[in-house]
Amino acid sequence: MTIIPKIHESWLTALSQEFKAEYFIKLKKTLLLEKQEYNIFPPSSLIFEAYNTTPLSQVRVVIIGQDPYHGLNQANGLCFSVSNGIQHPPSLQNIFKELVKEFNSSYPINGDLTPWAKQGVLLLNATLTVRSGEANSHKDIGWQKFTDATIKAVSENNKGVIFLLWGGFAKKKSKTNR
């Protein structure tokens, strides 16, 4: 049983074996069961938003977070990003405060980081889904293996990519791909 999500063609090619892997099939089944009992974020249509917004060949920077925001309407499929009009969670506030301090700029009103993604910044969470109100609740269902494969694909296909691992959980990814 092959389960192929709606994902940009460049990523589909690079990660095709992952979608056929036993762990990914199990991951999909787990998500389907979880959705019967819990609210899962981001919405299904946005789980692969990072891949659809930043094609593999355009990746110049990879920012890795832990998992999606777990509050209602917060997760939009790009790590640290929220849709326009959504209050900035503390992690995004901290990022923006550092940017304001470093570049002597004004604090952004819009927390949607889609423009970054369209400029080659892959905004990737180590885990692509989460239960409502339960941070890190999907860390053990298989996403780690999938995002490890993502990092490997970037490393093998692109030169000079900068990796930013924000947070202790994301930093663990550096040990995976040395």
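The legends below accompany several views of a predicted model.

**View 1. Overall fold of the predicted protein.** Nine helices and five strands make up the protein, and their order along the sequence is α-α-α-β-α-β-α-α-β-β-α-β-α-α. The radius of gyration is 16 Å, close to the 16 Å given by the globule rule for 178 residues, so the protein is as compact as a globular protein of that length. Along the principal axes, the C-alpha trace spans about 50 × 40 × 30 Å.

**View 2. Interior and contacts of the protein.** Of the 178 residues, 47% are buried. Among contacts with a separation of 6 or more, 70% are between residues 24 or more positions apart.

**View 3. Helix H3 and the elements around it.** Helix H3, which covers residues 22–37, contains 16 residues and reaches 23 Å from its first C-alpha to its last, close to the 22 Å expected at 1.5 Å a residue. Its buried residues are Tyr23, Phe24, Ile25, Leu27, Leu31 and Glu34. In an α-helix there are 3.6 residues a turn, so residues three or four places apart point the same way.

**View 4. Surface and charged side chains of the protein.** The protein exposes about 9,800 Å², of which carbon and sulfur atoms supply 51%. There are 20 positive and 14 negative side chains in the protein, and the centres of these two sets lie 4 Å apart.

Methods. Residues numbered from 1 in each chain as written. Predicted model: local features only at pLDDT ≥ 70, side-chain atom pairs only at ≥ 80, totals over all residues. Heavy atoms only, no water. Helix = DSSP H or I, 4+ residues; strand = E, 2+ residues; numbered from the N terminus. Expected span 1.5 Å × (residues − 1). Buried < 20%, exposed > 50% of the residue type's maximum accessible area, 1.4 Å probe, protein only. Rg over C-alpha atoms; globule rule 2.2 N^0.38 Å. Contact = heavy atoms within 4.5 Å. Areas by Shrake-Rupley, 256 points an atom, 1.4 Å probe, with all protein chains shown as cover. Lys, Arg positive; Asp, Glu negative; His and termini not counted. Charge placed at Lys NZ, Arg CZ, Asp CG, Glu CD.
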